[in-house]
Amino acid sequence: MTAVTEAPPASTPETAPPRHTGRLAGLLGALAPRARLLGIVGGVVAILGSQLPWATFVLNQGAYPELATLPFGFTGFRLHLVILGLATIVVAAVRVPAANRIVRNLGIGIVAVAVINGLYITVEGGGLGAITAADGAVAFGSVVALIGGVLAILGSAAGGVEPRPELDWNLPLWVEWLLLVVIFVLMLLVVAAALTSGGQGGVVNPYSGAVFLSFLGAAGGAFAGLNASGLLGYVATLSERHRVFSVIVLLIVALGLPLTSAGTEYWMTVASNIGVYAATAIGLNIVVGLAGLLDLGYVAFLGIGAFVAANLSGATASAVGIHLPFVLVMVISAVVAGIFGAIVGSPTLRVRGDYLAIVTLAFGEIFVRSAQNNIGGLTGGANAIPNIPAVAVGDFRFNESITIGSVQLPSGVMYYVLIVLLVAGVMLVFGNLKNSRLGRAWIAIREDEDAASAMGIRTGPIKILAFLLGATLAGLAGAFFAHKTGVVAYDSFRFLESVTLLSAVILGGMGTIPGAVLGASILFVLPEKLREFSDYRLLIFGLALVLIMRFRPQGIVADKHRRAELAEEPEDAAKEAPGPLPTRVEP
Amino acid sequence: MSEEQATSPDDKVGTATGEELPPELQAPPEEVVAVLAEDMHVATGTREPILQSSGVSMVFGGLRALNDVTFSLGEGEIIGLIGPNGAGKTTFFNCLTGLYSPTSGQVTLRGKAMPKDPARVTQAGVARTFQNIRLFPSMTAMENVLVGRHVRMKQGPLSSLLHGPRFRKSEAEAHDRAEKLLAFVGLGRFSDELARNLPYGDQRRLEIARALATDPSVLLLDEPTAGMNAQETEATRQLIFAIRDLGVSVVVIEHDTKFIFTLCDRVLVLVQGELLVEGSPDEVRGDPRVVEAYLGAPPEEIEAQIHAGATTGSGTGGSGLQEGSTG
């Protein structure tokens, strides 16, 4: 935990010559000439830590992963530490551009791995003895690794954290394409590893939550390091340059997930659920991210889509009792949800800001209560609508497994393919709308509604359109959701779900597509993965949200606009400099 | 386009400081103006009244902010609207642009009643800027101007969704016009800069470019030089002349009397919601009622002050008047 308090001073000064203030100043000033050495030593210490024992005894629930009571090992978190440590050493020794920035981020990754595993062993083992010395055994692994991480961070802070370099190389076209393919495939592997890290949890693997968090910490540090080096920015530029190519490759790569370690029925289901929430989050992103209208009852549209689909699916419990083809069901669900969206959106003509939030909140509650009371016999009430038949094309049902040649694909793979295509479609809709007359009008309304109106934007219809389109996308996702899970119950569409969706949008980065997808993935995977922590689950979850919002308010994937809005003051002031301009305060 | 003006941008008035303006502050180059004028073709070449108000009154509760204001703006004309703080100038602007609907009286554009809704007013051809700059701060300069093109773009929601050939055509046209407008106001090199990051004076000009993007026939400028230094004020004057030469009629609210007197064809003085004096800059400058309304102090002194304000630095003149108005 001490490491967490060390981190902020290192992360705040963004400018090249370090401006150290306060008590830390003297220390960092003295360390400045040895910054490089500190980085190298930090890396070495981290690797050393990884090879020491981490737990003094076997925990009650079973042995901690990676043979933690023994020294030496190159698996799991130990491997992650070795990789991070080696990277730190190399970067610090070779002095690549923005070396301090990279070292700082790698150091944070090392600290995260050390703290997460150390903390978990401490809590499970019932005291600090578990990670220091007890019963004649010593296990200082986590402590040593933590020191290594802190040393690296200190070194980078003393050396002064540089601004992130902007890389751009002019490579031949085929090299750039190849690079993109390789990077996207790597991304897929990382995603598969993240998804499956720690396994399914439960009795078989009691430590899955800790393993997953540790993986997240290590991956986060590595990504932050790559980002600091400017490489991620370069990839972003590259994919922007070959937009169509990237989109196609990304789509193909995403469809390749069933071929990786995540290719089992369980992970296909998890991935499909993430897809549902990602599609819904992108829809919400239109309303909140683009048009700036706070919607606290958005999950109701997912619910409306799901219930409409359930009723038209031929389920025995459905009130309508007709069975329409899935494609048609999707369209109808989307249209019905869209109509409700327009109805809910209509008060936006009169109310703004907080008041609108309350109106949407009320709508969400109306929906949940109505569904709970089985209104019109359409929602099944507490009994829900069970046994919704799977989507079928001819004789093939989507929840069966497929065998292509010698490759056996897990059951549920077709649902996964379907949701990937759906999310891709939703992304396309969002991207197209954002870069159009309509999208600009939404952003203008978000920025300044009166000025937008003075520019000839008829704000009323345009705002309703935002609600309508957002709800339509949620309705589409709802139809898929109903068929995938086979059961639609009012319980899935409570206020908390709306809040989580909203958090996903804000956490991932308002107004961006990758942000919404990433946010949805994190928010719906984390609670699953943290089941091991039972009572502390939501606490950790909330704490993570608070920390991310504190240190990265613009979201994980920042929109260029948002980034500017939340940029740190000095940067803004520097940009405003040109010309001697006496600015008068407006009356 | 409109070659009948007596005060064309050619008779460049020297800057208040007597220095040469830096290139980015100079009047828009003639070729830019020519191309834009062709694109916008708003002027008909006549000087017929285009924007009129008759007997406009505005009452807020017990406060009579405007009382029976009647005025007429001719095509290709620049009218100045001055008056002490709280005289009702901005209220009058808001009545003209549909932000307020007048308690009584009527506003007409080319003889037709003005719509009630600001968006429709803009659609009809009246654009405005705001007293406190109201750009879309987190959009780039280019995007701000593109938002201004909103009313003139033929691009429905479906087209926005599908990005077909017609979408690309309308987008290309809008970008083309926006680029020209940014060049026109001297912000060509800032097109990808976020509005919030622009220097103050540039923000004011960007707001003008955004308003011009709506292809207005009338442009209402609310204190366009507030907070500007002498050089920038001069640049703004040149810009307004150039806008007039595009065929756009202009109404300007301003406290800086020197600016108004050297810019406008006609000046209206609004005091406590009433139109006190109307006439050429020379007539208004000499009118004792104006002096009194502004200052409420012995006439000789103030007259001297006003003349001083009109002949020396604009900044001191303007602020001098404002400070005096409390007395």
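**Note on the A–B interface and one residue of chain B**

1. Extent of the interface. The model is predicted. Between them, chain A and chain B bury about 3800 Å², and carbon and sulfur atoms account for 57% of that area. To the contact, chain A contributes 39 residues and chain B contributes 48 residues.

2. Three salt bridges are found across the interface of chain A and chain B. In one salt bridge, the side chain of A:Asp450 meets that of B:Arg134, at 3.3 Å from N to O.

3. The side of chain A. The elements of chain A giving two or more residues to the side that touches chain B are helices H15 (413–434), H16 (437–447), H17 (449–454), H18 (459–485), H22 (560–565) and H23 (569–575). The largest share, seven residues, is that of H16(A). By residue class, the side of chain A that touches chain B comprises 19 nonpolar, seven polar and 13 charged residues.

4. B:Ser249. Is B:Ser249 buried or exposed? B:Ser249 has a relative accessible area of 0%; it is therefore buried, the cut-off being under 20%. The residue lies in strand S8 (residues 249–253) of chain B.

5. Surroundings of B:Ser249. Neighbours within four places in sequence being left aside, B:Ser249 is in contact with B:Ile50, with B:Leu73, B:Gly74, B:Glu75, B:Gly76 and B:Glu77, and with B:Ser217, B:Val218 and B:Leu219.

Notes
Residues are numbered from 1 along each chain as its sequence is written. Chains are lettered from A and ligands numbered from 1 in the order in which they are written. This is a predicted model: local features need pLDDT of at least 70, side-chain atom pairs count only at pLDDT 80 or more; totals for chains, interfaces and linings use all residues. Side-chain values use heavy atoms; hydrogens and water are left out. Contact means heavy atoms within 4.5 Å. Buried area is the accessible area (1.4 Å probe) that two parts lose on being put together, summed over both. A salt bridge is a side-chain nitrogen of Lys or Arg within 4 Å of a carboxyl oxygen of Asp or Glu. Helices (H or I, at least four residues) and strands (E, at least two) are DSSP runs, numbered from the N terminus. Ala, Val, Leu, Ile, Met, Phe, Trp, Tyr, Cys and Pro count as nonpolar, Asp, Glu, Lys and Arg as charged, and the others, Gly among them, as polar. Buried means under 20% relative accessible area, exposed over 50%, partly exposed in between (1.4 Å probe, protein chains only).
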